[in-house]
Amino acid sequence: MTSPPAARSIVIDDGELTLWPDAFVLSRPDDPSLFEQLNSAIPWRQDEITLFGKRHRLPRLQAWYGDPGASYRYSGLLLQPTPWQPLLNEIRRQVETLTGLRFNSALANLYRDGNDAMGWHSDDEAELGVDPAIASVSFGASRRFLLRHRRRKDRPRIEILLSDGSLLLMAGPLQTHWHHALPRSRGVSEPRINLTFRLIRP
């Protein structure tokens with residue numbers, strides 16, 4: 001019997017972080033990578049958001065999946081759920097098994113290279129409830145993931161390298177007390193897919 005992927009807790013004040021560096025590993029080296037399968041199956045689009053009263057195109061491509069009714073709104077953008085794609089649903093089930101949590105939606109992001117990024121923010125929208133758990137799965141290029149405390153400037157930034165097949169769980173009051181970001185990385189020329197699984201509470 002194959003042993004479950006090893007988990008590692010990351011020490012952080014005012015929140016919880018758990019990393020599974022090898023959560024998703026192909027059983028056969030000749031199988032198409034999960035990145036390739038997802039990239040061809042997901043209908044990517046480049047949405048626009050509103051920041052400080054102005055419309056901006058996102059510096060990445062995305063798609064929103066979920067159970068019926070699991071709509072999501074952020075930065076003036078309303079995302080209506082697309083029914084689960086089979087592979088994405090399979091990944092969700094494995095994430096739920098590893099974390100012991102339930103998720104009913106997922107935001108898929110495609111970072112085409114190191115110029116695509118995600119700015120500082122917290123996933124603290126009302127429909128996520130209090131102290132939401134966010135499970136972040138990465139496929140493709142390794143990218144730096146940063147966290148900074150929202151009020152305590154004496155707290156050092158935390159940097160995690162999210163590699164192909166890794167799973168990072170953000171939980172507890174982390175979204176209340178911390179911002180996170182995926183900065184631009186000029187040295188990265190390969191694409192990356194990130195899946196963030198959430199529980200929408202209508």
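Which residues does Asn109 touch, not counting residues up to four places away in sequence? Here they are: Trp44, Arg60, Leu61, Gln62, Met118, Arg192, Ile193 and Asn194, with contact meaning heavy atoms within 4.5 Å.

A quick note on what you're looking at. This is a predicted model, where local features need pLDDT of at least 70 and side-chain atom pairs count only at pLDDT 80 or more, while totals for chains, interfaces and linings use all residues. Residues are numbered from 1 along each chain as its sequence is written, and side-chain values use heavy atoms, with hydrogens and water left out.

Back to Asn109, which sits in strand S8; strands (E, at least two residues) and helices (H or I, at least four) are DSSP runs, numbered from the N terminus. Asn109 counts as buried because its relative accessibility is 1%, and buried means under 20% relative accessible area, exposed over 50%, partly exposed in between (1.4 Å probe, protein chains only). Its side chain also makes a polar contact of 3.3 Å with that of Arg60. A polar contact is a pair of N or O atoms within 3.5 Å; within protein, one must be able to donate a hydrogen and the other to accept it, and residues adjacent in sequence count only if both atoms are side-chain atoms.

S8 belongs to an open, antiparallel sheet of seven strands, ordered S1-S2-S13-S10-S15-S8-S5. Strands S1 (8-10) and S5 are the edges, each pairing on one side only. Pairing takes at least two DSSP bridges between two strands; S10 and S15 have six, in the antiparallel sense. Ser138 has Asn194 in S15 as its bridge partner.

Axes are lines fitted to C-alpha atoms, for helices over the stretch in contact, and angles run from 0 to 180 degrees between N-to-C directions.

| Helix | Lies across | Angle to S15 |
|---|---|---|
| H1 | S5, S8, S10, S15 | about 80° |
| H2 | S2 (16-20), S5, S10, S13, S15 | about 60° |

Now for the inside. A nonpolar core is a set of buried Ala, Val, Leu, Ile, Met, Phe, Trp, Tyr and Cys residues joined through side-chain atoms within 4.5 Å. The largest one has 30 residues, and Leu38, Ile91, Val95, Phe139, Leu195 and Phe197 touch the most other members. H1 (34-41) and H2 (86-99) are among the elements giving two or more residues to this core, and H2 gives the most, with five. Apart from it lies another core, of 25 residues, including Leu19 and Ile158.
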